[in-house]
Amino acid sequence: MSVDERTTPATTGAEDTIPGPVTLVIGILLVASFVMILNETVMSVAIPRLMEEFTVTAATAQWLTTAFMLTMAVVIPTTGLILTRFSTRSVFLAAMGTFTAGTALAAVAPVFPVLVAARVVQASGTAVMLPLLITTVLTFVPVSRRGRTMGLISIVIAVAPAVGPTFSGFVLANLGWRWMFLTVLPVAAIALVVGGSLVKNITTPRAVPVDVLSIVLSAAAFGGLIYGLSSIGEATEGGAAVSPAVPLIIGVLSLALFTRRQLGLQREDAALLDLRPFRSRTFTVSLLMMLISMGALFGTLILLPMFLQNVMGLTTLQTGLVLLPGGLTMGLIAPLVGRLYDRIGPRPLVIPGSVVVATALSLMTLLSAASPTWHVVLIHVLLSVGLGFLMTPLMTSALGSVEPALYSHGSAILNTLQQLAGGAGTALFITVMTTRTAAGVTEGLGALEAQAGGIHDAFLCGAVLAVLAVAISFLVRKPAPVPASVGH
């Protein structure tokens, strides 16, 4: 299907079926996105091995994760512009090709700086793929089938990061660290070749102006915020090269300037990141709920492995296996939740889901070094069920309330703020844990007991936030039908 034979967008509501070429494109984008997002969290378990391999400190090794997040935060805000100016096929080839090249470079990296550079290249491709997938679904999937399709996307967003530590734990237990990339490389290469052959142009690119100042302000704003948040944990341990306050202040000021400039440029349809989706109450409330959920997810993904390995004494492989049932559960229920959304809307799913998340985080505060492993598995599965009931309805409600002409910008906003939420959740949990652990040691507690207390307090903080999310869940509404064409 060429640009001239475009599929009729789903927003017309003319049909209740997904055209075959669009189904094929979405399937390829789903597989590609899953492989890419998986790579965002694979490094966490491998850090100790890489510190030894390259003779670097923990603070230096952490750049493998920080650089990935920073690149995502800088590139994602530009995806609204990218998806408007370029065709589906060209964006896919550029994103998948970049990711594949980064993966190959990482697999053969001779020194640590090259490995960090490879992660930056990987992230550059990853940042574009998910907005491309979401925008394609919003444009071409009928509203009546959107929930179940977005359920598949929630597998990518929530399950891939959760499975990352399991995958890397298995690889590290049986093979060298380079195999974390060598096992992904063939999948990425196949997706690139198959996608290059089958993905067609299902959108019509249009020329829009590029505001260089907006790109600079965006990079300073989101890059500064992500870097500042990710370095808070190091600062509490006295290992941060720069005080987190510096990048956070730069980020906040740049964000204020960026927002002001976008509000002016969007009147001329020239904004890098159009902020008009925030005019929708449904978009704003659903997005706020989703950000709290993502903060809880990423905070838990950081702390739970620490608890399992440092407090309970499990190996990296055992840790990965303990977390696997939760990730699989979320993946299994996501399509079901999507179908339920299509039938009953978001509130009957979001309210109980938020209650389950709050309950699971509260139960995590009861864990101790003597807790049976199966307790951790059950609580993590419970958390995964709750998050599974939140992700799809919230994402579908938020983006379903956006005007069709702003789909790419709504997707870019959602994905950008998800990165910030992940960084904020991680920073909050790590800061609370580190501060409480240090206080425990000062009080005369043993290192193990002090860290267990710090993790306990971090989960308690997460539970408090989850209770706030329960209150907000009652405000979530199903999006009203949006006209197919809305003028600016």
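Predicted model: local features only at pLDDT ≥ 70, side-chain atom pairs only at ≥ 80, totals over all residues.
I begin with the aromatic rings. A pair of such rings is described by the distance of the centres and the angle of the planes. With ring centres required to lie within 6.5 Å, the count comes to 6 aromatic pairs.

Take phenylalanine 222 and phenylalanine 258. Their ring centres are 5.9 Å apart and their planes meet at 80°, so this pair is edge-to-face, the angle being over 60 degrees. The two residues are 36 apart and link distant parts of the chain: phenylalanine 222 belongs to helix H11, residues 212–230, and phenylalanine 258 to helix H13, residues 245–265. Phenylalanine 222 has a relative accessibility of 4% and therefore counts as buried; phenylalanine 258, at 1%, is buried as well.

The next pair is phenylalanine 429 with phenylalanine 459. Here the centres lie 6.3 Å apart with the planes at 85°, so this pair, too, is edge-to-face. Distant parts of the chain are again linked, 30 residues apart: phenylalanine 429 sits in helix H18, residues 407–442, and phenylalanine 459 in helix H19, residues 447–473. Both phenylalanine 429 and phenylalanine 459 are buried.

Elsewhere, one aromatic cluster is formed by Phe54, Phe112, Trp177 and Phe181.

Val210, Val212, Leu213, Ile215 and Val216 make a nonpolar patch of about 410 Å². Of these, valine 210 is located in the loop between helix H10, residues 184–198, and H11. Its relative accessibility is 43%, so valine 210 counts as partly exposed.

Thank you for your attention.

Definitions and conventions: Residues numbered from 1 in each chain as written. Heavy atoms only, no water. Phe/Tyr/Trp six-rings, centres within 6.5 Å; stacked < 30°, edge-to-face > 60°. Helix = DSSP H or I, 4+ residues; strand = E, 2+ residues; numbered from the N terminus. Buried < 20%, exposed > 50% of the residue type's maximum accessible area, 1.4 Å probe, protein only. Patch = residues over 30% accessible without salt bridge, like charges linked within 9 Å, V, L, I, M, F, W, Y side chains within 5 Å. Areas by Shrake-Rupley, 256 points an atom, 1.4 Å probe, with all protein chains shown as cover. Salt bridge = Lys/Arg side-chain N within 4 Å of Asp/Glu carboxyl O.
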